[in-house]
Structure formats: C-alpha cells, structure tokens
Amino acid sequence: MARVIVTAPLNGEFPGGARELELAAGSVFALVDGLDTLSPGVAEFIAANVSIAVDGTLISDWSTALTAESEVMLVPHIAGG
C-alpha cells in the first residue's frame with residue numbers, strides 16, 4: 001500500500017485529522033480517487049490546491065505509477081502576491 005503523508009492544513013480534510021494514510025493504488029489518479037472515497041470532494045480540492053510528490057519528486061501527471069513502497073506527499077499550494 002502506498003503511504004500518503006498529509007501535511008497541515010490538509011489533515012483536517014480527512015477523518016480524524018489523519019497525518020498519514022495507507023491506500024492500495026496503482027497510480028496517483030487511483031490514489032486521489034481513494035482519498036475522495038474517504039473524504040468526498042477532496043479530489044477536486046487536491047486538483048485545485050495541492051501539489052503531489054511521489055518518492056520526493058513533484059509530479060503533475062496523475063497517471064504516474066505507484067508501488068506498494070511509494071511515498072506520496074500532499075503539499076498545499078502557497079498563496080502570496
């Protein structure tokens with residue numbers, strides 16, 4: 001199962017304020033879909049407000065493959081002006 005690290009303030013989006021989750025998913029898209037099952041509406045939030053890193057590398061392609069050893073980090077975009 002892929003290990004998902006949820007950084008603050010995103011952990012409030014998941015049941016119990018989870019900071020780490022484990023999900024079986026073959027791709028980032030499947031992982032985000034699984035997260036949306038846990039917390040309906042979170043996929044849309046992630047698409048608009050979150051960068052995703054897989055094994056320490058920022059990715060933009062949600063078809064990126066995941067393995068059982070993958071570490072996925074959800075990093076909120078930083079607002080500024």
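The exercises below concern the fold and the nonpolar core of a predicted model.

**Exercise 1.** Determine how many helices and strands the chain has, and in which order the elements run.

*Solution.* Begin with the count: the chain contains two helices and five strands. Next, read the elements from the N terminus on, which gives the order β-β-α-α-β-β-β. Finally, consider the overall dimensions. The radius of gyration is 12 Å, close to the 12 Å that the globule rule gives for 81 residues, so the chain is as compact as a globular protein of that length. Along the principal axes, the C-alpha atoms fill a box of roughly 35 × 25 × 20 Å.

**Exercise 2.** State what percentage of the residues is buried, and describe the accessible surface.

*Solution.* Of the 81 residues in the chain, 35% are buried. The accessible surface comes to about 4700 Å². Carbon and sulfur atoms account for 56% of that surface.

**Exercise 3.** Identify the residues with the most contacts inside the largest nonpolar core, and the elements that supply this core.

*Solution.* The largest nonpolar core has 21 residues, and those with the most contacts inside it are Leu-31, Leu-35 and Leu-74. Two or more core residues come from each of β1 (2-6), β2 (20-23), α1 (28-38), α2 (42-49), β3 (50-54) and β5 (71-76). The largest share, four residues, belongs to α1.

**Exercise 4.** List contacts of Leu-74 beyond its neighbours within four places in sequence.

*Solution.* With those neighbours set aside, the partners of Leu-74 include Val-4, Ile-5, Val-6, Leu-35, Ile-46, Val-50 and Ile-52. For the chain, take contacts with a separation of 6 or more: 51% of them join residues 24 or more positions apart.

Technical notes
Residues are numbered from 1 along each chain as its sequence is written. This is a predicted model: local features need pLDDT of at least 70, side-chain atom pairs count only at pLDDT 80 or more; totals for chains, interfaces and linings use all residues. Side-chain values use heavy atoms; hydrogens and water are left out. The radius of gyration is taken over C-alpha atoms; the globule rule is 2.2 Å times the number of residues to the power 0.38. Buried means under 20% relative accessible area, exposed over 50%, partly exposed in between (1.4 Å probe, protein chains only). Contact means heavy atoms within 4.5 Å. Accessible areas come from the Shrake-Rupley method with a 1.4 Å probe; for residues, only the protein chains shown count as cover. A nonpolar core is a set of buried Ala, Val, Leu, Ile, Met, Phe, Trp, Tyr and Cys residues joined through side-chain atoms within 4.5 Å.
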